[in-house]
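I am opening my notebook on a structure that is new to me. Come along and let us look up a few things together.

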Amino acid sequence: EEIRVASNFDEIIGRSKALRKVLTQAEQVATTDTTVLILGETGTGKELLAHAIHKLSPRHKRPLVKINCAALPEALFESEIFGHEAGAFTGAQQKRIGKFEHANGGTLFLDELESLSLALQAKLLRVLQERSVERLGSNTAMSVDVRVIAAVKDDLKQLVERQTFRADLYYRLNVATIDLPPLRERRDDIPELFAHFVRDASARYERAEPAWTASDMARWQAYDWPGNVRELKNIAERFSLGLDDGLPQPAHDAGSLEARMARAERACIEEAL
């Protein structure tokens with residue numbers, strides 16, 4: 001069962017119990033058309049998981065269209081997601097197909113959804129409920145067949161309580177929820193991830209792969225990685241270039257850190273043996 005699940009998510013690296021649970025959940029929802037809500041801190045790999053779910057879905061031959069909600073200015077969001085007709089506003093010289101139309105038959109990935117304003121949340125909710133969109137400047141609604149995968153880094157329940165996120169949109173999205181654990185909760189995956197990133201960087205820069213010691217790996221496994229996998233990837237790339245100047249000290253007392261490093265080093269030695 002573990003081998004089968006791993007082969008379905010071959011781009012996602014790790015064998016920890018926490019990650020296996022996530023991949024099993026993802027596999028269960030991938031073959032359905034249900035809306036998926038991915039929760040997780042910055043850098044945990046939410047977009048990669050969305051790609052994997054789409055790849056396993058019946059929609060895999062159709063496009064996966066990504067929207068970073070935090071990166072789009074509010075004034076342009078409606079035009080980007082719904083599209084517009086020529087002359088709909090100043091500067092709209094020709095018709096533009098929106099992201100929903102482009103994703104028709106496929107999957108729409110909404111990243112950092114919590115950054116949308118309440119007004120835009122209401123318009124998004126309407127599209128999700130009615131499964132149709134109207135381009136700006138048009139009075140004709142067009143049906144769309146789109147599967148939605150949304151990703152958030154904040155606690156939506158708390159945002160609903162603070163009235164900065166619409167409760168009706170939250171309940172519309174909260175069908176199948178997958179909580180992607182931070183790297184500090186899957187420390188067993190760090191050696192495999194680090195080796196992969198070093199190997200990849202060394203190949204790209206045409207350099208020999210550098211070696212590391214059990215003490216090095218123990219130090220990396222003891223660190224809490226606030227930037228998660230993205231931070232680990234950057235450190236691995238620096239290491240492959242010979243630029244490793246040490247990691248910042250974790251926010252733990254020395255005794256606790258030494259104990260954790262000792263456990264991690266013993267694990268590395270046992271694995272090597």
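Buried means under 20% relative accessible area, with a 1.4 Å probe and protein chains only. Strands are DSSP runs of E of at least two residues, helices are runs of H or I of at least four, and both are numbered from the N terminus.

A note on the source: this is a predicted model, where local features need pLDDT of at least 70 and side-chain atom pairs count only at pLDDT 80 or more, while totals for chains, interfaces and linings use all residues. Residues are numbered from 1 along each chain as its sequence is written, and side-chain values use heavy atoms, leaving out hydrogens and water.

Next I looked up the partner of β9. Strand β1 (residues 36-39) runs parallel to β9, and four bridges join them; strands pair if DSSP finds at least two bridges between them. Leucine 39 has aspartate 179 of β9 as its bridge partner.

**Aspartate 189**

Then I moved to the loop between β9 and α9 (190-204), where aspartate 189 sits. Is aspartate 189 buried or exposed? Aspartate 189 is buried, at a relative accessible area of 1%.

I also found that its side chain makes a polar contact of 2.6 Å with the side chain of serine 16. A polar contact is a pair of N or O atoms within 3.5 Å; within protein, one must be able to donate a hydrogen and the other to accept it, and residues adjacent in sequence count only if both atoms are side-chain atoms.

Key
Buried < 20%, exposed > 50% of the residue type's maximum accessible area, 1.4 Å probe, protein only.
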